[in-house]
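Dear colleague,

Please find the structure below, handed over for your records. A short account of what was found in it comes after.

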Amino acid sequence: MPANRRIPPRPAAEARRDLASESQSMRYLTRCHSAEEAAPIERAVAEFVSRLILFRKPMERGSDFIRLGASAAGGLMVWSEFLLDRMIGELRHKAGRRSRSDAVEEEQLDWALPGRPLSMVRLNGEWVGENDMVLSELVDPDELATLSNDWFTPLIQDYQLRSRLAHDTLRWVRQAEPAQPLPHQTNAAYLAEGLGLDAAGGRLLELIGLCVAAPALLRALAPIEVGDFKHVARILGDLIDCDEATIESLYHPDSMLRRCGVLDRNQDPGVRHHLSTFDDLLTCHNLRVRAAMTQTFDSAQAFFASFLSPALPTQLDVPDVQHLARFTELALPTLRNAGAQAAPGLNILLYGPPGTGKTEYAKLLAREAGLQLFEVECEDGDGAGLNTSDRLGSLMLALQSLKGRRDAMVLLDEAEDVFPDSGSFALHQLFGLPRASSKREQGKAWMHRLLERMAVPVVWTTNSIGAIDPATLRRFSLVLKMGEPPRSVKRRLAEQYLGGLNLPATQLDAIAALPQLTPGHLETTARTVALAAPASSEQASAFVDQQLTNARRALGLPAQLKRRDAAIPYDTRFVNLRGSHCAETLLPALARHPRAALCFYGVPGTGKTEFGHHIAKSLGRELIVKSGSDLLSPWVGQTEQLIAQMFEEAADRADEVVLLLDEADTLLGDRSHAGASWELSQTNEFLAQMECFPGLFICTTNMVDRMDAAVLRRFQFRLEFEALRADQMPVLFELTFGRAANPGEALALQRLAGSAVPADFANIARVLRFTPELLDGDLAALIQDEVRSRRGMIGNARPMGFTH
């Protein structure tokens, strides 16, 4: 061909001659001299685009697929002289056109194509071309993306022409020596084998992986609308060499690819009249799979291991969870034997409020059982949170890497993401199913199979189990509700987390006494105060108080650190019980028979609550203190729930705790005076729980006459605390003030017998801290004023309860 020759337009009849008879010496416009020069991924995309062109005989008018597909293939499509001749000839017959998608509108053009000279470009050493576009742009992926679709109109309208483009490209691409499998191909094979897919499923995963490796390919597929899934199923079947039924099974809502989140759970392309685009069918929706698909792994196990991360070690030791000793004694041998025997389907569910140490306890179980713990991550590599499908899919994929291992355990933390609190439709939303009952049942059945076939032990942690179906709960091997640790454990954890701040022991005791204090609170406080770098132990103490108070107030929890101010040492010698009972005989009886109910009543300040503390300390138990205000709620029915919760939590450790309800009269008033139904129901609930409680229960009240008679009958011991006797007065005086009473004071103390209580002495001791000069004065007179003041406050109060 002469260097200045133009390609003349060919007659239509000549153009439609048999393409198969074209000479193999036909010249071609290509980006590379040989296929080996092209990147393997570009060759793979070019082959896919070419095959899809062949299998899509009808093509929508104005479709961008050929242009965008050629761009996605890196400009590797092969343009023969014949095709270029047809394309240029077609354009010569147009009165005007634009060459790029961002050009001005055609009606604004002041020129026409006919009669304009052609600008030539080299084609395998010779010149062909057209002045509106340099033909080399057909093999430039960036230029292809912006070209006008007018250039490709002949191909869109004529299947024979575009099939020629596809055949030429396939023949040219396949001239290259077979390359090593690309990462997405190897990983697709790993994934297909791990999920138990057949060869067709593996080839579909390879196509999905190709779209991950070449995102521009998905953009090329987006213009292809999918109105009839059966038609698309035929095309996909041709692409991966299988029948339509196999394609439909791979895209079925219950398919493995849907379950693990590779395919979209919420989209059912088989639904009648469902509209989507071709790219939806080949998009990988599992973020973790998408990230791993293009990476290089040494083995299938390494590929699946990318969905797990080894758990960080825990700081907990077995003594730190002594309140969970019973469960630990059951769980550890179960885990060891399950690992040794490769027993499937061992699932442990840990649930409870946030910050109660569920995750750390799971780590401790794994460590003590000799198992390596892996976590299913809740976020992707960019820090974005994974949705339900991604997390469940990652769990399933991760378990594949652990098949056959007997030293592994998996932790799925924050499982409320997997079991969302969405009412009765939780499961169908979880699995992306329509709200038809049969679909929900399919989701439940699949979830049950998943639980029963776990290859290694799995620990699930969640804050709430309210959204989990009872049939699903039943399939957990071990279930534990984790609540607030006992005070002894909280004291140990406070020392562990805050010990480096040199806090006084009294502050650590007060922190441990905080209700609903969790390990998470302590850990956050320790980290925050450490960052504040206090200059002294006093400043550290203030920082800890401030941090705990503010954090707990934000959570709606009691914020004040209650430090018990024992102004005088407690001594049972000053406990004055009416009747035949005394402190010295009561304690041994309670040690022999740990199940009992006691009611302490009497005038204020006689040491009722302190005696409860003394009993717990003498028996070596933790004292759980509740007040009536802790249980009363403004919401109907919630008071009953709080009463049941109080007894339930104490019953779990009945042999380790003493339960004390202080100021019980505020809660358990006489039902004969009840003015509302809820006043009756809360007392009834209390009676029912009290009768079943297996431990030691103490109630204290200053107004026993206000309490319901049926409640009082349930107490085995009803002990009245009286004021101090005459023989107790001088002994307590000397113990409190460090000196004996003078004769005048001794006489005054005798007159106060039967009126003064230990709290009166304690209050004067607190006053002397501020005015120590009064110590040498008439202390008996101060005590007398204290008694008179206390009696005056009581006497001025409005009479309540029974009157005599």
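Residues are numbered from 1 along each chain as its sequence is written, and side-chain values use heavy atoms, with hydrogens and water left out.

The chain has 804 residues, of which 49% are buried (under 20% relative accessible area, with a 1.4 Å probe and protein chains only). Its secondary structure consists of 36 helices and 17 strands (DSSP runs of H or I with at least four residues, and of E with at least two, numbered from the N terminus).

The average pLDDT (the predictor's confidence in each residue, from 0 to 100) is 79, and 81% of the residues score at least 70. Residues 420-440 fall below 50, and this stretch has 35 contacts beyond near neighbours in sequence (heavy atoms within 4.5 Å). Residues 794-804 are also below 50, with seven such contacts. Where pLDDT is low, the predicted coordinates should not be read in detail.

Helix α27 (residues 583-592) packs against helix α28 (residues 608-618) at about 45°, their axes being 10 Å apart (lines fitted to C-alpha atoms over the stretch in contact, with angles from 0 to 180 degrees between N-to-C directions).

With kind regards

Note on methods. Predicted model: local features only at pLDDT ≥ 70, side-chain atom pairs only at ≥ 80, totals over all residues. Buried < 20%, exposed > 50% of the residue type's maximum accessible area, 1.4 Å probe, protein only.
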